[in-house]
Structures are given as C-alpha cells and as structure tokens.
Amino acid sequence: MNTGKYVFAQVVSFIDPNNFKKCVDRYRGNYKVKEFICWHQLLCMMFGQLANRESLSDLILCLQTQKSKWYHLGIGSSISKSNLAYANENRDWQIFADFAYVLIAEARKSIMRNEALSAFENNPIYAIDTTTIDLCLEVFWWAKFRKHKAAIKLHTMLDIKTEIPCYIHITDGKVHEVNVLDTIGFEPNGFYIMDRGFVDYKRLYAIDGQQAYFITRAKTNMKCRRIYSAKVDKTTGILYDQTIQLVNFYASKEYPEKLRRVKYFDQESNKKFIFLTNNFDLSALQVALLYKYRWKIELFFKWIKQHLKVKSFWGYSENAVRVQVYVAIITFVTVALVKQKLKTPLTQYQILQILSLTLLNKTPLNQL
C-alpha cells in the first residue's frame, strides 16, 4: 500500500484532509488564496516539527533542497519563507485549534485505555495543570508577564486514560492558572486532578455543582472543623481519612458543603500529602493513588518541550505563536495515532526520533 510513498506522506495519511477542510471553510482560511493553501501550511509546519527544525529559515532551507519531492510530500509548489511567515501571521489560528480537537476526539476513541484504571471504566479521569513558556519581551511584546519578561501559559487538561491532551487554552503570562477552571465544562462523574495552585473554593464548589469530582492538595493555611474520622489502615500509608467543614468566613460561604481530607505518607519520596476531595465513595488509598496520576501531565509538558517546537517560535505575533502551538499538538496526536494503528511497542519518543531521520525515505512505516 505504501510502495513509493515517502515516510512523511505515510504519516500524513493518518489524518483526514476533509476534516481539515471543514475547519478551513469555517474560518474562510483559503479566501483569495491561489496556491499556498492552509493544507500546505499545515504540512510544512508539521514537517518542521517532525524534522526538529530550529527556525523558519532552517525549515525553508531544508525544504528547498528537496524541491523535486514537494508534490509527493503534498506540500504544494509555492513554498517560500515569506509565504509561510505571512500565512502564520494572518490565517486564523482557530483553524488549527479546531482541527487539533477533531484529531484529539479521534485519538481518544481509538487509543487503548490504561488497564490500571479499569476500576474507573465509567468515570473520565483528567489532570489539569499549566506550564509557562518564557519569551523575550522586546520581541513578544503582547505576551505580558513581568516588568522585564514575557511569557505565555499553556493551560492543559490531559485525559489520564489515553494520555492525550483534550483541552488546551493559551493565555499571556499574567493570567493565573486557576482562571482556566472557568472555561472548562465538567463532565458528571468525572474526576479532575489538580495541584493546590487550583484551590479556589468558589470554583471547586462549581465543580461539585456539576456532579463532578475533584482531587487536589489542601493549602497549608486551610482552617477547618473535623466532623468525622473513618478507620484507616496505616500500613497502607493512609494516616487519616476525615470529613471536614471549612470554618473561615469567606471560605465557608464559597464552599458550604462538607469536604473529605485524606493524609497520606508516600514511602518513595518520604513525604506526607494532604488531599482534598468532594468524593466520599472512593477508598482513601484510591484517592491518594489517583492523585499520583497527576504526574502524567507533568510528563506531557516535559515531552512536548523537549521533542517538539513550543519553546522557540518561528513567528512573533500572537497568531503565529498560537498556530505553532496547535500544530505541535496536532503532531503529537498524529504520532500517537501512528503508534496505536501500527500497534508498535515503541514509545512516542522513539517513533519521533525515527521519523526525524527518515521523513524523506520510502520505507513502509511498519517496517521502520
């Protein structure tokens, strides 16, 4: 089936151009465009991500040495630095954001679930966190952060079962991470795992009001009244399992219901953790173990920062930065689909390293 097709063209075959066209038409992305259409822009940017190019000039230079292969790669015939730079600056980033969510929905349906979470078959499990990407204030003047520093924040919700990001929200560096909770629609019976930076009692009560569950860490200055203590087996690491009520005036107004507080001793790190949740059905040990899965999102941030281009940008406007971030997400999900559909035991990191050296080969992907 893949005889004579370049590896890059084989990778691109895992995404549906018709779905992308629907996103383009929604925002009139190809309006008055004759040659370098949005599809060509997407493929050029994906090629740069997979080939680990350092800059726009680097990417275009590499592509121009392979001009005879452009048609077979599907990237058109009018590639230039000015064309790609103009497209990134001016074509609506929402095109790429919408397509990223289309791919994410496909990946979440097809990728195998984590068997360790089989007990939560009917409960979606998400980790929510934010990572900061530092920028130069003189160049990225729109990304306000500090007096002499610019940055953007990547607010992300990760599906723990598939390890696929299912929500991405980009803001400037000044926006506090807790504000992302206002933009998320919470699923009933879903578990949302967050660090204590997201502890805002009014917002947590809103999650509770949508019949969803949160697991987070209690703040050190939290004042509460213990109502009930359940029996615990301290050999499992659980030190106490309490039902509590907040007592501070504003906190008690913002969260008037009862909460559950679990203290856990982790032997691996030799640290004690105090968890806060609105779920009273799980065992205390399950609460602690679920919180451990929050590290999946830390690993995701580390992965995309190390292996995809989301720290050095190929354009300086807000639109260009957003386009590049969403193309990086599209690339990440595409590699995940390749891994799933080829049923390969290789990790996504290993697949990415192989692809970076073989994009212009004609070896069938399953042989690679």
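This is a predicted model: local features need pLDDT of at least 70, side-chain atom pairs count only at pLDDT 80 or more; totals for chains, interfaces and linings use all residues.

User: What is the average confidence of the chain?

Analyst: pLDDT is the predictor's confidence in each residue, from 0 to 100. The chain averages 92, and 99% of the residues score at least 70.

User: Why is N319 called buried?

Analyst: Buried means under 20% relative accessible area, exposed over 50%, partly exposed in between (1.4 Å probe, protein chains only). N319 has 15%, so N319 is buried.

User: Which residues does N319 touch, beyond its neighbours within four places in sequence?

Analyst: Contact means heavy atoms within 4.5 Å. N319 is in contact with N88, E89, N90, R91, D92 and W93. N319 and R91 are 228 residues apart in sequence, yet their C-alpha atoms are 7.8 Å apart.

User: Why does H307 count as buried?

Analyst: Its relative accessibility is 17%, under the 20% limit, so H307 counts as buried. Neighbours within four places aside, H307 is in contact with Q49, Y349, L352 and Q353.

User: What makes a nonpolar core?

Analyst: It is a set of buried Ala, Val, Leu, Ile, Met, Phe, Trp, Tyr and Cys residues joined through side-chain atoms within 4.5 Å. The largest one here has 129 residues. F8, L42, I128 and L290 have the most contacts inside it.

Methods
Residues are numbered from 1 along each chain as its sequence is written. Side-chain values use heavy atoms; hydrogens and water are left out.
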